[in-house]
Amino acid sequence: MATVELTKENFEQIITDNDFVLIDFWAEWCGPCKNFAPIFEEASEKYPDIVFAKVDTEAQQELAAYFQIRSIPTLMIFRERVIIFSQPGMLPGSALDELIGKAKELDMDQVRKEIEEQQQNQQQG
């Protein structure tokens, strides 16, 4: 599957309409981003059930600021509209495969329950 270019106009719709979205925050001038691009593209072909999306942090500065992207490339995973992973740095293909496998295995009911508990604890503390 080809990657989708995310903008502030389509971001919410892509996240809302898809249960698993893997996002690469990148920039044209970034060497590691260029090295990571073929790995990301190859993974997008391998996992057609996942939406692979890219955010050009130069063109979409509002999105980069909203998600507090301070280093690129940064990978972010949304599952069922919840951010379950966000980390700067490029990954080799095998590590990306491992990350995707672990993200698929997550019990999202349990994740939502833990988030709710954390939010309740923060409100009480």
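Asp109 and Arg112 sit about one helical turn from each other, since they are three residues apart in helix H5 (residues 108-124). Helices here are DSSP runs of H or I with at least four residues, strands are runs of E with at least two, and both are numbered from the N terminus. The model is a predicted one, so local features need pLDDT of at least 70 and side-chain atom pairs count only at pLDDT 80 or more, while totals for chains, interfaces and linings use all residues. Residues are numbered from 1 along each chain as its sequence is written, and side-chain values use heavy atoms, with hydrogens and water left out.

The side chains of Asp109 and Arg112 come together in a salt bridge at 3.1 Å, N to O; the term covers a side-chain nitrogen of Lys or Arg within 4 Å of a carboxyl oxygen of Asp or Glu. With a relative accessibility of 55%, Asp109 counts as exposed, whereas Arg112, at 33%, is partly exposed. The labels follow relative accessible area: buried is under 20%, exposed is over 50%, and partly exposed is in between, using a 1.4 Å probe and protein chains only. This pair also belongs to a network of salt bridges that links Arg79, Glu80, Asp109 and Arg112.

Glu80 brings the hairpin of E4 and E5 into the picture: two residues lie between the strands, and Glu80 takes a positive phi near 50°. The strands themselves, E4 (residues 74-79) and E5 (residues 82-88), run antiparallel and are joined by six bridges; strands count as paired if DSSP finds at least two bridges between them.

How many salt bridges does the structure hold? The count is eight. One of them involves Lys8 and Glu62, whose side chains meet at 2.9 Å, N to O. Lys8 is in the loop between strand E1 (4-5) and helix H1 (11-17), and Glu62 is in helix H3 (residues 61-66), so this pair ties together parts 54 residues apart in sequence. Lys8 is partly exposed at 45% relative accessibility, while Glu62 is exposed at 53%.

Another salt bridge joins the side chains of Asp24 and Lys54, again given as 2.9 Å, N to O. It links distant parts of the chain, with Asp24 in strand E2 (residues 20-26) and Lys54 in strand E3 (residues 51-56), 30 residues apart. Are these two buried or exposed? Asp24 is buried, with a relative accessible area of 0%, and Lys54 is buried as well, at 12%. The two side chains also make a polar contact at 2.9 Å. That term means a pair of N or O atoms within 3.5 Å; within protein, one must be able to donate a hydrogen and the other to accept it, and residues adjacent in sequence count only if both atoms are side-chain atoms.

Which residues does Ile39 touch, not counting residues up to four places away in sequence? They are Met90, Leu91, Pro92, Gly93 and Leu96. As for Asp56, it is 17 residues from Ile39 in sequence and 17 Å away in space, C-alpha to C-alpha.

Notes: Contact = heavy atoms within 4.5 Å.
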